[in-house]
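Biologist: I would like to learn how to read a few features of a protein model. Can we start with charged pairs and then move to the interior?

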Amino acid sequence: MTRVLHRLRSIVACCLTALGVGFAVSSIWNPHPLSATGHGGHRSEPVARPAMTAERLIAAARCGRTQEQGHSAELRQVVCQSPRGRYTIMTFATAAGKDAWLGEARPYGGTYLAGDRWAVVAEPVLLNELRGRLGGEIENHPHRS
């Protein structure tokens with residue numbers, strides 16, 4: 001399991017680096033900069049969403065013990081043990097980072113509860129309970145050989 005997590009972390013780091021480089025290159029070469037105006041030149045109001053913090057996810061999972069597995073500008077990963085079971089909680093700086101992580105994790109199989117910029121890995125029954133407290137979508141992927 002440790003080898004799989006180590007390999008998964010390496011893959012995620014590479015994907016996030018590639019995403020960052022891609023965003024940087026596209027913003028440099030884009031002849032039309034992004035603007036805050038909507039259709040017809042009317043300013044569209046941004047939708048403010050509070051960030052889902054790892055601490056809020058940990059509290060919702062009712063974790064007793066936590067262990068930080070990784071923390072960078074793009075990703076924070078915490079493993080926690082609750083009386084009901086084990087959770088691996090990830091928060092991401094961007095939704096694109098979360099999507100890249102999920103894309104790399106799917107071939108390994110598993111069940112994930114995913115929100116805007118966060119994902120949780122645990123047994124399906126635990127994720128169903130957590131979804132009732134946090135929302136998000138449950139994704140179940142079989143392991144591919």
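Biologist: Which residue forms a salt bridge with arginine 106?

Modeller: Side chains of opposite charge can pair when their charged atoms come close. A salt bridge here is a side-chain nitrogen of Lys or Arg within 4 Å of a carboxyl oxygen of Asp or Glu. Arginine 106 pairs with glutamate 139, with the closest N and O atoms 2.7 Å apart. Arginine 106 sits in the loop between α3 (95–105) and β4, and glutamate 139 in strand β6, so the pair ties together parts that are 33 residues apart in sequence. Helices (H or I, at least four residues) and strands (E, at least two) are DSSP runs, numbered from the N terminus. This is a predicted model, in which local features need pLDDT of at least 70 and side-chain atom pairs count only at pLDDT 80 or more, while totals for chains, interfaces and linings use all residues. Residues are numbered from 1 along each chain as its sequence is written, and side-chain values use heavy atoms, with hydrogens and water left out.

Biologist: How many salt bridges does a search of the whole structure find?

Modeller: The search finds 7. One of them joins the side chains of glutamate 68 and arginine 76, at 3.1 Å from N to O. Glu55, Glu68 and Arg76 are linked in a network of salt bridges.

Biologist: Is arginine 76 buried or exposed?

Modeller: Buried means under 20% relative accessible area, exposed over 50%, and partly exposed in between (1.4 Å probe, protein chains only). Arginine 76 has a relative accessible area of 17%, so this residue is buried.

Biologist: Now the helices. Which residues of helix α4 are buried?

Modeller: An α-helix has 3.6 residues a turn, so residues three or four places apart point the same way. In helix α4 (residues 124–134) the buried residues are Leu126, Leu127, Leu130 and Leu134. Seen down the axis of α4, they fall within an arc of 95° (taken from the directions from the helix axis to the C-beta atoms), so they line one face of the helix. After α4 comes glycine 135, with a positive phi near 85°.

Biologist: What do the buried residues of α4 pack against?

Modeller: They pack against α2 (54–61), β3 (86–92), β4 (110–114), β5 (118–121) and β6 (137–141). Contact means heavy atoms within 4.5 Å.

Biologist: Which residues of the largest nonpolar core touch the most other members?

Modeller: In soluble globular proteins, nonpolar side chains tend to be buried together. A nonpolar core is a set of buried Ala, Val, Leu, Ile, Met, Phe, Trp, Tyr and Cys residues joined through side-chain atoms within 4.5 Å. The largest core has 18 residues, of which Leu57, Tyr87, Ile89, Trp118, Val120, Leu130 and Leu134 touch the most other members. At least two residues of this core come from each of α2, β2, β3, β5 and α4. A second, separate core of 9 residues includes Met90, Phe92, Trp101 and Tyr112.

Biologist: Where is serine 82 found?

Modeller: Serine 82 is in the loop between β2 (75–81) and β3. At 6% relative accessibility, serine 82 counts as buried. Leaving aside neighbours within four places in sequence, serine 82 is in contact with Ala61, Arg62, Cys63, Gly64 and Tyr87.
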